[in-house]
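Biologist: I would like to learn how to read a few structural features. Shall we take them in turn?

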Amino acid sequence: MPESISHIRVCTYIRRGHGRRRSKSYFQRTFQMQTDNVNMPQELKHMNEAELKLLCGELRTKIIDTVSKNGGHLSSNLGAVELSVSLHCCFDSPADRIIWDVGHQSYVHKLLTGRADRFDTLRRFGGISGFTLPSESPHDAFVSGHSGNSVAAALGYAETNARSGSEAFSVAVVGDGSFTNGEIYESLNNCVNRSLRLIIVLNDNEMSISRNVGAVSSYFSRFRSGKRYLRFKRRTSRILLSVPLVGKPLFKFLRGTKNLFKRILVSENLFELLGFDYIGPVDGHDISKLNAVFREAKSLCRPCVIHVLTKKGKGYPPAERRPDEYHSVSGFDKSGAIASSGGKTYSRLFGEIVCEHAEADERVSAVTAAMCGGTGLDAFKARFPSRFYDVGIAEEHAMTFTAALAAAGGRPVFAVYSSFCQRCFDQIIHDAALPALPVVLAIDRAGLVPEDGPTHHGVFDVSFLRSVPGMTVYSPETEGEMRVSFEKAFASASPSAVRYPKGTCPADSGVYTELCGGDIKYTDIGTPEKAVITYGRLCAQALEAARLAGNTRVIKLLKINPIDASALGRLLEGIKALFLPEEGIRNGGVAEWIASEFGAGRKTEIRAIERFVPHGDDRSLLGLLGLLPEQMADALRSLTP
């Protein structure tokens, strides 16, 4: 890893004396930070290769320093440093739209586009987002966070440019993992046979996309992407097309002959079969080659795929050795130690529970959509490899596949983040709920997912799952409740979902009295005149609020769909006011249903989410939503009859 000079210097190369180039040491002294200029990418075009390499080293240093403190996506961003710099060298952002799929590799893009002075606020409340966000910068062409939307978005911009006569380019930067997502192929199918200034950059940092990547293919690709070849190709094309009458037919004949010769030596890859021009693979850490390839792609003026090979974690040895561990981190010691959460997480507990069920019942299998480690299924994969299925970033397929496993007599569980579960809502209804199949949804990251922000907050699942007929939904707070919830879910003959948050799972408090087999619990603080009703981890906040306010009945719901209305009604006898906080969207949520069923004749306040929630730390976000204990205590006091 290059030695840091002092701080990142990414915005303008100060020149003196009619543009004369200075020595490298002079460059180090005079390359200053001026981050208020949103046209900073233009400055990259004046740098030579040595200066760009120096810049890349400083960018890596800044990313490592910041992510070690704030957390974030490290491996993917370190692997995309040269790629990001080259893109901004060769294209004119924001006129040329650079669209980052998922956004896991957009940190350098942010540093180069006016946000270097705020980069220390990455993922912090009020700071810059860890993903691209159009409201944050005109250089962020499209919102990112979920996989697969980049090509469709880039195509939309390219079509608009073509209709308006604009010569701007539209560039989609897609990681190889996203090519397991179906939307990518739907978009590719709609790109071909058009004269569009559309370039798709395949950032391949793990796997080969085409079967034909071998010795001949690699040689042919290196030849195609070489500077002299590209220069020769452009000149030949220009000369032939300028010849009257015979020039264009001759150009087409020679091009066809070249393509035929290539097909004889090397079978066509997927992109060429779909009608794209294909360039690559090219070394994604060689700026000179990248610049040459991007300029060649621009000269084509038609849809093109550039296959770039990069290394995850490039420049930071611990991340290079263990890229998956450093994919998304909450913070780490730069010597290589990743910060621990300090206790058993909900995800890890789920992994233990599903292994226990698989040990007792050979029908139990586990499905994930490229989130084995994130959902806690590592141990299951190791112990039961024949019953573990990672289908890639394909939640729609995963849900239908899970339903089919259940239809065939199995007891499958699909482990998925709440925000990604949104992608398979149709399959939940059509393929699982309609035939009443015994699938189990393990919905991780339910509720707020603080630093990742609005694209990752799991605040919609309660609302849309409660709308599905026959769907049972549990929302445990403690380890014991997690075990009970999954016990009931695996025993059910119809679809069930167990939703739980990110973070450490607490032990049972023992302060509650159980009703309905533990589906409803309650405890009284003083002589209850009012009640606070909620579920999941917000119960801890509600209990503390009740203790501050006094004379409150705290009602905890373990099963949030369906809710036993008669049991809940009995608990509310004599209660004159209801406070209903919810770490989820208001429309269609639990609080709204309780207010409609039991609010008549009682003072009632719902405090749920009615907006997209930004990123930030837990306390800041709960405070923004009025869900801190002291805020809820004030609400309870105001409801006192």
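Biologist: What volume does the second largest cavity have?

Modeller: Some ground rules come before the number. This is a predicted model, where local features need pLDDT of at least 70 and side-chain atom pairs count only at pLDDT 80 or more, while totals for chains, interfaces and linings use all residues. Residues are numbered from 1 along each chain as its sequence is written, and side-chain values use heavy atoms, with hydrogens and water left out.

Modeller: Now the idea. Rolling a probe the size of a water molecule over the atoms shows where empty space is left. A cavity is a set of points, on a 1 Å grid over the protein atoms alone, where a 1.4 Å probe fits but cannot get out. Grid points are joined across faces, edges and corners, and the volume is the space filled by probe spheres set on the points. The second largest cavity has about 80 Å³. The structure holds 5 cavities of 30 Å³ or more.

Biologist: Which residues line the second largest cavity?

Modeller: Lining residues have an atom within 4 Å of a point. Among them are Arg499, Tyr500, Pro501 and Glu583.

Biologist: Where is there a cis peptide bond, and what is omega?

Modeller: One joins Ser93 and Pro94, with omega about 10 degrees. Another joins Asn561 and Pro562, with omega about -10 degrees.

Biologist: What is phi of Arg445?

Modeller: Phi of Arg445 is near 55 degrees, a positive value in a residue other than glycine. Arg445 sits in the loop between strand 11 (440-444) and helix 20 (461-466). Helices (H or I, at least four residues) and strands (E, at least two) are DSSP runs, numbered from the N terminus.

Key
On a 1 Å grid over the protein atoms alone, a cavity is a set of points where a 1.4 Å probe fits but cannot get out, and a pocket is an open set with protein on both sides within 12 Å along at least five of seven lines; lining residues have an atom within 4 Å of a point.
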